[in-house]
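Let's take a walk through this structure together. Keep the sequence and the 3D view side by side as you read.

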Amino acid sequence: MFMPVGTQATVKFLSPEDLYEAGAGVILANTYHLWLQPGEEIVHQAGGVQKFMNYHGPMLTDSGGFQVFSLADARKINEDGVTFKNPRNGDTLFLSPEKSIQIQNKIGADIIMSFDECIPYPATYEYAKASMERTLRWAQRGKDAHTNPDTQALFGIVQGGDYEDLRLYCAEKLTEMDFPGYAIGGTSVGEDKETMLRMVGWSAKALPENKPRYLMGVGAVNDLLESISLNVDMFDCVLPTRLARHGTLLTSQGRINIKKAVYKDDFSPLDPLCDCYCCRNYTKAYLNHLFRAEEGFGTRLLSIHNVRFLLHLMEEARAAIKEDRYATFKQETLSRMKFDYRGF
RNA sequence: GGAGAGGUAGCGAAGUGGCUAAACGCGUCUGACUGUAAAUCAGAUCCCUCCGGGUUCGGCGGUUCGAAACCGUCCCUCUCCA
């Protein structure tokens, strides 16, 4: 499954109805961002994040662990947790494993995530090891602090950089802690594709087969298809929505940028194989015009398309797996989209 | 008819003697984007190119070692008054 990302309790430019029509299931929100604004109490008072944003589907919150990576210039880490400097107003903020879980308990998503440290690539063995061990301790602390295990499934997160023994060790330890699901973190942070897939492979093979395995932050088509071969079950990524905002659309033939001059008078649909609202009703020429005119409707239409595209890809992947023809499906899809077939 | 302001690269607009092939903005083109500080960011944008070279700042002529910039003249645009 692919989970669109709605960091601030909205998948940018998409309404819940857009998401249902696209076939979305789980969508993400973010602990760190909702903590800062509007605050977890407001979301709690609203009746939880699903009611707050009027999304009648399952939701997942990320823990703020990714912000340890993405806001690296503005934070300090110690055993207790992470001190952030709010990039908006300079406030000093402190997030710990317990605090992250408390906030996520208030926000009320169906799946919540351990507070981890997403380390950059490359990282030394020593740092990756120390950080991973701390992430394991944080996972236990978060588990102990979790107040609603019956209604919110807490997932542990495998770290360990690009070191096989660290990945295996981390996955084994998390498995011993017995989480209802497991995530693979610390990928797509600047490493090359081969390295990323190695990290995924090591992590996934040491996780139990009867629990969901969730690769965090991955959403490029080739990465998705290769990772499925490595037994990953769940993905989330900002890519489809961000690319849409930047004028790039995903198609069965590969990525194209709708702003390019060649689409000015191209009255064909974005992707003839797509069944989304945008492809059923609008042409490349119209989208090209909307982007040049900086009309927000174009952004919305492209977002609808890109999200539907990945959700549809996952539908096809599931069908192929059920029919035991996944390898063929993957190879054909990648070559059609002009990706090199790696065969992981 | 009188008075004034002005003509700079696709457009707008800086620049008043050498550090200027000419700031900046827009437009255009290209490329990035992976648990969202991203409706963002980076690069290119007179011509030919490898170093490098060639032609530019309304036209023409002049001053100067050197001019988009100073002088003369012509053309054009805008504003106000009659």
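Helices (H or I, at least four residues) and strands (E, at least two) are DSSP runs, numbered from the N terminus. What you're looking at is a predicted model, where local features need pLDDT of at least 70, side-chain atom pairs count only at pLDDT 80 or more, and totals for chains, interfaces and linings use all residues. Residues are numbered from 1 along each chain as its sequence is written, chains are lettered from A and ligands numbered from 1 in the order in which they are written, and side-chain values use heavy atoms, with hydrogens and water left out.

Start at RNA strand B. A residue is near the strand if one of its heavy atoms lies within 4 Å of it. There are 41 residues around RNA strand B, and Cys118, Ser188, Lys193, Gly217 and Val238 come nearest. Which element gives the most to the surface near RNA strand B? That's α11, with five residues.

Now zoom in on some polar contacts (pairs of N or O atoms within 3.5 Å; within protein, one must be able to donate a hydrogen and the other to accept it, and residues adjacent in sequence count only if both atoms are side-chain atoms). A side-chain N or O atom of aspartate 223 sits 2.6 Å from a base nitrogen of RNA strand B. With serine 188, the partner is a sugar or linking oxygen, 2.3 Å from a polar side-chain atom.
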